Amino acid sequence: MRVLFQGAGAIGIAGVALFGGRHEAVVVSRSRRNGPSAAFPQRVSVLESPLFGGAEETHGSTAAAARRVTVTDWPGIEAAGGFRLRPDSASDDANGGAHDTSDSAIGRGVTIAQARRSAQRGTRRSARDRRVQDSWDLVVLTTRPGDLDEDVAAAIRAVAPRWVAITSQVDGDLVVARSQFPGAEVVILGPAFLSERVDASPATPAGREVRYWSPFGAPAFLVAGPKHAVRRLSHELRSLVLSVPMEALLVPPAVFMPFVAELSVRAGDWEALLDHLDLPSAAAAEAVEAAAGIRVPIVPQAARAVLEAIERISPISLPGYAGRHFARHEGQTLDMLDSWIAQARDHAALSDLAADMRQSIDRR
């Protein structure tokens, strides 16, 4: 398969590293880049964690050889086997399709409108339109579909993928994606790995800022959605994905996102989170009931034991990872809390937690 990950964050780069051994995969950034670049994400192993490796504070980062990942932008996608977009598509459309063919034009090629028309016409294409290759099988969105720029959404529609997968598990985002990409089969891919981006330094050279933990033998993603779409995609990706009911992707966030919200309230302080588990535990029970329709008591002492166990086992430092990663997605966390509040019969704890999180953000 030919797989395109939209978004050059840690999830996209790690996802391509996991897919790259069996499929043609590339990362496409929303921002303009000076040509394609290479990333070398490091796969880390549980055997390098402090629990197994004997280290005290450090976590492993070189368990497996890094796989080369190509990162490009939409104008440079032709070099990765896709197509090249012109930067002046709006002016092109205003001029009736005329285009600048000078060598100085950055990203020379077709406009978004021309690419879309080509995909819509199928085999009835002019010689110029044949430059457009609409053969990307799967586009994976690491950005929430509602947050995509219209030019990016149009470019995705232009390559006419058979499948569009969203990684967001926020309620309603699947509906948004279906409305944006009506010609594609839309599914949810839930990452079954941890990935993080660290700052470049002498110890972490440029291109190796991303590291990820995907247990060997485990799927890279859990996939859910319409049965026929999931069945065909699972057949193509085989062991890289595991087909699960939709509830299997919606319930886990209901369990752990309230603890992420409390971590945000505590300004990313992991130890402070472990000392304040009563409210997020009650909120998690309400969220699970909203998502699955069943009330499952979540005991703070049990939550602490689970968090501490994951912290000991993970080769990626969980306190640092959680503080950095989820701090960049506080808006998404709040959206998930608000969604469960809207669905829950009882939501006192969820409402208090959402209010605490908003106050914490406002104070910064």
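Hi everyone, let me start with a pair of helices: α8 and α13 cross in a left-handed way, meaning that the near helix is turned anticlockwise from the far one by less than a right angle, while clockwise would be right-handed. Before going on, a word on where this comes from: the model is predicted, so local features need pLDDT of at least 70 and side-chain atom pairs count only at pLDDT 80 or more, while totals for chains, interfaces and linings use all residues. Residues are numbered from 1 along each chain as its sequence is written, and side-chain values use heavy atoms, with hydrogens and water left out.

Back to our pair. The axes of α8 (residues 246–265) and α13 (residues 330–343) come within 10 Å and cross at roughly 125 degrees. That makes α8 oblique to α13; under 35 degrees would be roughly parallel, over 145 roughly antiparallel, 65 to 115 roughly perpendicular, and the rest is oblique. Axes here are lines fitted to C-alpha atoms, for helices over the stretch in contact, with angles from 0 to 180 degrees between N-to-C directions.

Which residues of α8 and α13 meet? From α8 we have Pro253, Ala254, Met257, Pro258, Val260, Ala261 and Ser264, and from α13 Glu330, Thr333, Met336, Leu337 and Trp340, where contact means heavy atoms within 4.5 Å. By class, that contact has nine nonpolar, two polar and one charged residues. Nonpolar covers Ala, Val, Leu, Ile, Met, Phe, Trp, Tyr, Cys and Pro, charged covers Asp, Glu, Lys and Arg, and the others, Gly among them, are polar.

Now the whole chain. It has 14 helices and twelve strands, taken as DSSP runs numbered from the N terminus (helices H or I, at least four residues; strands E, at least two). Of its 364 residues, 48% count as buried; that is under 20% relative accessible area, with exposed over 50% and partly exposed in between, using a 1.4 Å probe and protein chains only.

Finally, two alanines to look up on your screens. Ala160, in the loop between α5 (150–158) and β7 (163–166), has a positive phi near 50 degrees and is partly exposed at 35% relative accessible area. Ala267, in the loop between α8 and α9 (270–274), has a positive phi of about 55 degrees and is exposed at 65%. Thanks, everyone!
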